[in-house]
Amino acid sequence: MTKAKERILDTASRLFHQQGYNSTGINEIIAEANIAKSTLYQHFASKDQLCIAFLERRHEQWFTQLRAVVEAKERGQSQLLALFDFVMQMNEKEQYRGCSFLNILSEISVQNQSAILQVIQQHKTDLQNYIKSVTQETHAHLADHIYFLFESAIIESQLYREQAPVLKIKNIVTSLL
């Protein structure tokens, strides 16, 4: 990746994550990345394409961090509970910004949803599959429950800007196990 493209993506990623997709303008990205408009469009044909690149990068980074937290634990209940430790770590690291994918989904219009929506859906499918793989040996029948509780933990902690919902959900998961 060229330095200019990397700078554009770094800037857009930070702004999309902090401000949201609709509140971030192309001109703001251009100014903060210190590039010419033509340079942006040389690398990304549209704001939607830049958003897709942001989401794809976010997916890779997010999953790398999730796996590191979960797979550091012993298989079984410890790994399942580590899913929620990861949510709490991300909350603190990112000041309760919640799920970048759902945040973007809430901002895009129905007309623009096709390509961006596919990336978001693939992220959620990958998350479901990962949770299934973590629950496979000991608690496979709970995979869907844990996935929906995981999603709820992210949303509720973003809403209330505190860890209490994650801790409550972690207790629910413990009782399910």
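Which elements of the chain have the lowest and the highest mean pLDDT?

**Figure 1. Confidence across the predicted model.** This is a predicted model. Helix α7 (residues 113-139) has the lowest mean pLDDT among the elements of the chain, at 91. Helix α8 (residues 143-160) has the highest, at 97. For the chain, the mean pLDDT is 93. A pLDDT of 70 or more is reached by 98% of its residues.

**Figure 2. The largest nonpolar core.** This core has 54 residues. L83, F84 and F150 have the most contacts inside it. Two or more residues come from each of α1 (3-19), α2 (26-33), α4 (47-71), α5 (77-93), α6 (100-107), α7, α8 and α9 (164-176). The most come from α4, which gives 11 residues.

**Figure 3. Surroundings of F150.** Neighbours within four places in sequence are left aside here. F150 is in contact with W62, L83, F84, F86, V87, L127 and I131. Two of these, L83 and F84, are listed with F150 as having the most contacts inside the largest nonpolar core.

**Figure 4. The buried face of α6.** S100, F101, N103, I104 and E107 are buried in α6. Seen down the helix axis, the buried residues fall within an arc of 165 degrees, so they line one face of α6.

**Figure 5. R58, a buried arginine.** R58 lies in helix α4. R58 counts as buried because its relative accessibility is 11%, under the 20% cut-off. The R58 side chain makes a polar contact with the side chain of S100, at 3.2 Å. Leaving aside neighbours within four places in sequence, R58 is in contact with H17, M90, E94, S100 and F101. S100 and F101 are among the buried residues of α6.

Methods
Residues numbered from 1 in each chain as written. Predicted model: local features only at pLDDT ≥ 70, side-chain atom pairs only at ≥ 80, totals over all residues. Heavy atoms only, no water. pLDDT = per-residue confidence, 0-100. Helix = DSSP H or I, 4+ residues; strand = E, 2+ residues; numbered from the N terminus. Core = buried A, V, L, I, M, F, W, Y, C linked by side-chain atoms within 4.5 Å. Buried < 20%, exposed > 50% of the residue type's maximum accessible area, 1.4 Å probe, protein only. Contact = heavy atoms within 4.5 Å. Arc of directions from axis to C-beta. Polar contact = N/O pair within 3.5 Å; in protein donor to acceptor, adjacent residues only side chain to side chain.
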